[in-house]
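Visitor: Could you take me through one part of this model up close? I would like to see where the two chains meet.

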Amino acid sequence: MHELSLAQHLLSLALEQAHQSGALRITGLYLVVGELAPLEETSLSFYWEHVTLETPAAGSQVHVRRLPMQMRCLDCGRSFQPGGETWSCPGCGGERVRLQGGDECYLEAIDVEATPRPREIPCPTA
Amino acid sequence: MPDRVAVGQRILRANDDLAAANRAMLDSAGVFSVNLMASPGAGKTSLIERTVQALAGKFRLGVIDGDLATSLDADRAAAAGARAVQINTGGQCHLDAAMVSRGLDDLDLQSVDLLIVENVGNLVCPVDFVLGTHRNVLIASVPEGDDKPFKYPASYRGMNAVVLNKIDLLPHVRFDLKRFRHGVEVLNPDVDMFLVSCETGEGLPAWLGWLERKVEAFRLAPEAERDAG
């Protein structure tokens with residue numbers, strides 16, 4: 001639902017990091033996104049293409065690694081991925097469980113190149 | 001061949017940074033603040049009206065109202081006795097730290113003790129965009145059903161308080177309070193929960209008492225409260 005603003009935030013973060021490493025072009029981005037983080041990949045890719053036009057990140061690929069929602073039982077210590085209608089522990093049936101992971105939403109790494117994006121050869125005019 | 005550069009930063013870091021600046025501004029002005037989130041119709045504005053009416057004699061209240069296009073909510077908050085600022089998000093589904101920063105500029109913070117930020121009615125997006133407020137409060141309502149923490153865990157996590165509104169409808173609607181509470185507590189182990197009806201006033205004193213204690217604690221020891229939320 002808010003992938004446009006996520007794309008804009010992602011672009012400024014990636015450009016800042018590329019600039020710091022002296023790179024002139026970004027070719028790939030690696031995101032880590034938990035199940036709880038509302039990010040829809042198709043929609044992000046759509047906006048990504050749009051916001052990166054004529055930037056050093058134009059044409060770059062966004063790779064998303066999804067992480068599942070993780071819970072831990074306070075009674076028996078078991079970690080599990082909750083499913084269905086309840087969040088009871090599948091091991092001991094206990095209800096004292098806590099959220100352990102699944103809300104990650106960060107940029108892990110970028111692929112950069114020290115050369116600028118090759119200029120596109122203009123179509124010969126008819 | 002490309003080089004891989006490790007980053008390891010939150011995608012919304014720019015928003016996080018702006019939120020930290022908002023927080024510093026609120027802290028230096030001595031304003032305690034809450035971010036109020038809920039789906040449309042849960043009762044955000046009604047709870048704000050009730051809260052402003054009840055606490056106006058004790059604290060100076062400010063309200064920043066996020067809405068898609070109208071100023072109806074800010075008008076209601078102002079009529080109840082608060083200094084209210086409307087932020088129209090122009091269709092955006094949530095408030096972000098930049099919008100709140102503009103709202104703070106429009107408020108005379110020196111004349112405010114308690115600031116309530118009413119987020120856009122939406123149960124999905126607002127929670128990811130931190131605003132710099134001291135506490136997160138979610139309002140749920142009985143007709144929404146007891147399954148919402150399980151269906152929208154992303155929205156229910158990270159809450160300091162959950163207010164369940166419209167409890168006067170409990171006799172008429174199927175709602176398993178125990179199940180709802182379980183879902184809320186799994187996601188927020190230290191949450192404070194309040195069962196209220198903005199219609200009848202039932203349960204409101206406990207919510208108002210919680211808020212009052214938070215404002216007082218912030219006044220007495222702002223440093224201790226700053227990092228707590």
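**Where chain A meets chain B**

Guide: This is a predicted model. Start with the contact itself: 32 residues of chain A are in contact with 28 residues of chain B. Strand 6 of chain A gives the most, with nine residues. What kinds of residue make up the side of chain A that touches chain B? They divide into 18 nonpolar, seven polar and seven charged.

Now follow strand 6 of chain A across to the other chain. Its partner there is strand 1 (residues 3-10) of chain B, and the two run antiparallel. Six bridges join them. Pick out one pair to get your bearings: A:A109 stands opposite B:A6 in strand 1 of chain B.

Next, turn to another element of chain B. Helix 2 (residues 44-55) of chain B has 12 residues. From first C-alpha to last, helix 2 reaches 16 Å, close to the 16 Å expected at 1.5 Å a residue. Is helix 2 of chain B mostly covered or mostly open? It is mostly covered, with nine of its 12 residues buried. Among the buried ones are B:L47, B:I48, B:V52 and B:L55. The buried set also includes B:K44, B:E49 and B:R50.

How confident is the predictor? Chain B averages a pLDDT of 91, and 98% of the residues score at least 70. For the complex, the predictor gives an ipTM of 0.82 and a pTM of 0.88.

Methods:
Residues numbered from 1 in each chain as written. Chains lettered and ligands numbered in written order. Predicted model: local features only at pLDDT ≥ 70, side-chain atom pairs only at ≥ 80, totals over all residues. Contact = placed C-beta atoms within 7 Å. Helix = DSSP H or I, 4+ residues; strand = E, 2+ residues; numbered from the N terminus. Nonpolar A, V, L, I, M, F, W, Y, C, P; charged D, E, K, R; others polar. Pairing = 2+ DSSP bridges. Expected span 1.5 Å × (residues − 1). Buried ≥ 20, exposed ≤ 12 C-beta atoms within 10 Å, placed from the backbone. pLDDT = per-residue confidence, 0-100.
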